[in-house]
Amino acid sequence: MAHRTKNLLDPNAIAKGEALGVIARGIVEGYRVGEHRSPFHGFAIEFAQHREYTSGDDLRHLDWKVLGRTDRYYIKQYEQDTNFVAHLVIDGSESMKYGSSELTKIDYAKVLAACLAYLVLGQSDAISMNIFDTTIRERFERTDNRNKIHEIMHRLATFEPAHGTDTARILHDLAATLKSRSIVILISDLFDDEEALQRSIERIRFQGTEVIVFHVLDHAEIEFPFTGTVRFVGLEDGPRVQTNPASIRKSYLEAFNAFRKRMRALCERCSCHYVLCDTAQPLHETLSEYLAFRQNHRSR
Amino acid sequence: MTFLAPAVLAGAAAIAAPIAIHLLNKTRVKVVRWAAMRFLQDSVKKNQRRLQIEDLILLLLRCLLIILLALAFARFVLNPGGALDSAGSGPVVAVIILDQSASMGQSDGFQTRFDKARDAAAKRISEMDAGSQVALFLAGSRVNQVIPRPVTNLPLVRRTLDVAAPTDQVSDMGAGIRLALDALKPFAGSRKEILVFSDNQASAWPDIEKIQSWLNESADVELQVVDPGAMAGEDNLAITALRQESGVLAADQLSGFLLEVSNFGTVPASGVRVTLAVDDGPPVDEVVLENLEPGASRTIRMNVRFPHPGFFTLRAGIPADRLPVDNERAIAVRVIENMNVAIVTADPKAKSRRDGFFLANALMPVPVSRRAEYFLKIETVAPDWLASADLSRQAVIFLANVPKLDATAAKNLETYVREGGSLVIFPGAEVQPAAYNEDPILGPMLPARLGNPTPPDGKALAWQGSDYPHPVTALWNDPANGNLGTIRTTKHFPLTLASTKDSASAPRIIVNYTDGTPAAIETAYGQGRVVLFSGPASTDWSNLPIHPNFVPLLQRLLGFLAPDADSNALALEPGGIFQLKVSPDLAGRELTAITPASDGNPRPAGKVELVNQEAVVRSRDTAKTGSYRFFVSGLEAPVAAFAVQLDAKESDLQTLALEKLAVLGSDTPMAANDAVTPPAPVRRELWIFFLSAAFVVALIEMGLAHRFSFSK
């Protein structure tokens, strides 16, 4: 499984919409093998009862199984009439272009977003997608049409980061458009103003919207394995720093781990799910771990 | 302080290497486009100063490491003027020069100087570090390179030292040091030393400046002189000379010998019994010196009567002291039975002609009644005798104021001299210079051309009063034997030295006038000799014939000219080669010898050799001073004899002033016995210190580099 997933995360493949779709489907289908319940079931409406079909009813709600067994036309009725909407908010800033291997953080985020899109659309829920940096660069309006998946994949695949980031403002703007029963899935490295970010997430949470944060980090950012004299050039027009990384590794890791802890704590304070995504770790592992956690959480 | 290998200091330029590497590392930068700059910037800001200090510390340590290595390999020396502390300074390549001269036999009653020097050398060898190499030279009149090249087998050197013994030779440290420098040349880059173990007798260091210049040329070689413990004020009484007074020694004649006794001590010597013995017999003459002041010498005349012709050896002795080698001195002499001398004068019958008269009386200084018994047989003859007589029977022929010789006489005389005869010419008023100079036979034989006689102007010209260069007149270099300077002449033939291509036959001046012109000259001609005086042997022109030294002068001249009576060939210095022609009948006969080493018993000494169809007794075993006599079976008398005499310089135990030895560069004489000489400042080579420091710095650098590499 791991080997297959690794092969699937080919950066060249991710850059093509169809291939990205294949990769996401491969990961998601692989996850579904042996599973009996979708982890996102809770997002769907609850089944209530059957009633006789009358003219004008939407044929999509016709219970075909009952029709097959009894030759009678029944319509499935639900407790609530609305589906959940998953808002994929993907950080497309320049800092996401970093990758110590061929796989960059944005590549990883694209595949992750594609997988989530498959999962959500696969259970007939709606999804919207925003790729942002300092502003929304790619917007895909809410849809529950599975056929739109290819377009989503294409949009994801063709996006190229080029600017800085302003995650807080994007989330803040998003919060204004949110309706109830939605989930905001933020995929970002979170290299931004932490306080502003917290305020934005708190606002979304205040509206009763669930937030899941996928914190995408490169393995080199987590381990800082550099040696020799290195000149670090900032990706978002940052300064240039020349140093001997080995001699400051400890100090760097302390600062970086503190940042990670702060991000996790922020999420905990806001009752969000925080998922650390190390690009060196196979995506299916990270995803399945989180989905398993989520399933268990719901079953309790 | 100084450096023994200063060229290596150039290696300190390698200090540029760590600096260059440091700078190069700064420029060899890997560029990484980075996202998490915020955290990186914070860390760099926090650690920048510390990183700079760590970099600087490592750079300084690396530079220090190179400087220390350069100092170590340049062989930094502290206190270069001090004595060398060889122990613990690492391996050394050394040449040990052990003084083997006779003065090293001086004893303190328990050990000789040689024993002390040998012990000191052995001690020094035992202190040397592993890997040291040592050569061993024994310095006598010749340097005996017993271990010519430095070897690592130090036990071998010690064993060789153990069997070394002092000789009766003089020593010349200069020659030993020259050879030692040559032996050390191939060992470039090593610590090189010349260790001299000597009593530093002044005569052993004849040319300090030359040694100093050699050492300056070999700056990497250290000279160290170790004094085995010579003490100032050591007394030594020595017989410094023993020579025959008369020129010719004849059997049954009273022969005079001159002994010189010298006091090299610091206190007067009194009651010194001086004896003279012949061969192995008891003393035949004895003198007691009542008082001999320090630094003074006394010449004593002693007489011996030889019973028969042949070879004799004489031994002069004084009471034993701490340097035994100069308490006895030997001389070998050849005693003849008789000698024929012909005096050729223009008119031998005329009593008034006094040219021959003075000569005959001076050659035979005995009463008329005893002349028949005298060994010298004189015949006064006319010039025409030369044409008919058998001249080979004559030991010496005198030409006394002979005007000219006819061709036959001249031819016979030339043949006589060429075959080994001796001719003495006293030209007088009858002589026309051209008759001698232009004579085709006689002219080439002369050592000088006769000039026209100077006119008697009333001014007397005297003979030189000192600095006599010739063996005949050397006796008068000692004023105690009289003075030839009182011989004056009012008229003489100016002598112009004949030019010659052969240095062996170059004319030698016997004596000069005070104006520097020759008064008497001699030269070799064929196997014989020709002596030419500038005036007659009469009182016509000078007081020579009536001068008190005329008799000894003629006697010494006889001794010099008579081939069989020459004892000079019978005196050798230690280690010399003795060679003497003997009767051809003896060729091939087995020889036995009584030598100083044979305790009076004859020992085999080879055979009488045949060299160029002449029988020769030859001996190279002449190391010990004393008398040597050679015998063949069937003959009771020795067929040859000689004496090996100690150089009188060895008896003078005065040592060279320390400051004089100190000019030989960085070393001062060291005493083998610390109690004798105050300790000299120790010269230290600090390369081990610097190497150790470099090692420590390297460890610190590695440790710090490792520590600094830990991330902070």
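Which residue stands opposite A:V233 in β9(A)? I looked this up in the model, which is a predicted one, and found A:R240 standing opposite A:V233. The two strands concerned, β8 (residues 230–234) and β9 (residues 240–243) of chain A, run antiparallel and are joined by 4 bridges.

I then followed β8(A) across to chain B, where β8(A) pairs with strand β2 (residues 30–34) of chain B in the parallel sense, over 5 bridges. In this pairing I noted that A:F232 stands opposite B:V32.

Next I checked confidence in chain A, where the mean pLDDT is 78 and 78% of the residues reach 70 or more. The highest mean in chain A, 90, belongs to strand β7 (residues 210–217), whereas the lowest, 41, belongs to helix α1 (residues 2–8). Over residues 1–8 of chain A the pLDDT stays under 50, and the model has 12 contacts for them beyond four places in sequence. A further stretch, residues 33–44 of chain A, also has pLDDT below 50, and I recorded 18 contacts for this stretch beyond near neighbours in sequence.

Of the 712 residues in chain B, 43% are buried. Taking the contacts in chain B between residues at least 6 apart in sequence, I noted that 74% join residues at least 24 apart.

Technical notes. Residues are numbered from 1 along each chain as its sequence is written. Chains are lettered from A and ligands numbered from 1 in the order in which they are written. This is a predicted model: local features need pLDDT of at least 70, side-chain atom pairs count only at pLDDT 80 or more; totals for chains, interfaces and linings use all residues. pLDDT is the predictor's confidence in each residue, from 0 to 100. Two residues are in contact if their C-beta atoms, placed from the backbone, lie within 7 Å. Two strands pair if DSSP finds at least two bridges between them. A residue is buried if 20 or more other C-beta atoms lie within 10 Å of its own, exposed if 12 or fewer, and partly exposed in between; C-beta atoms are placed from the backbone.
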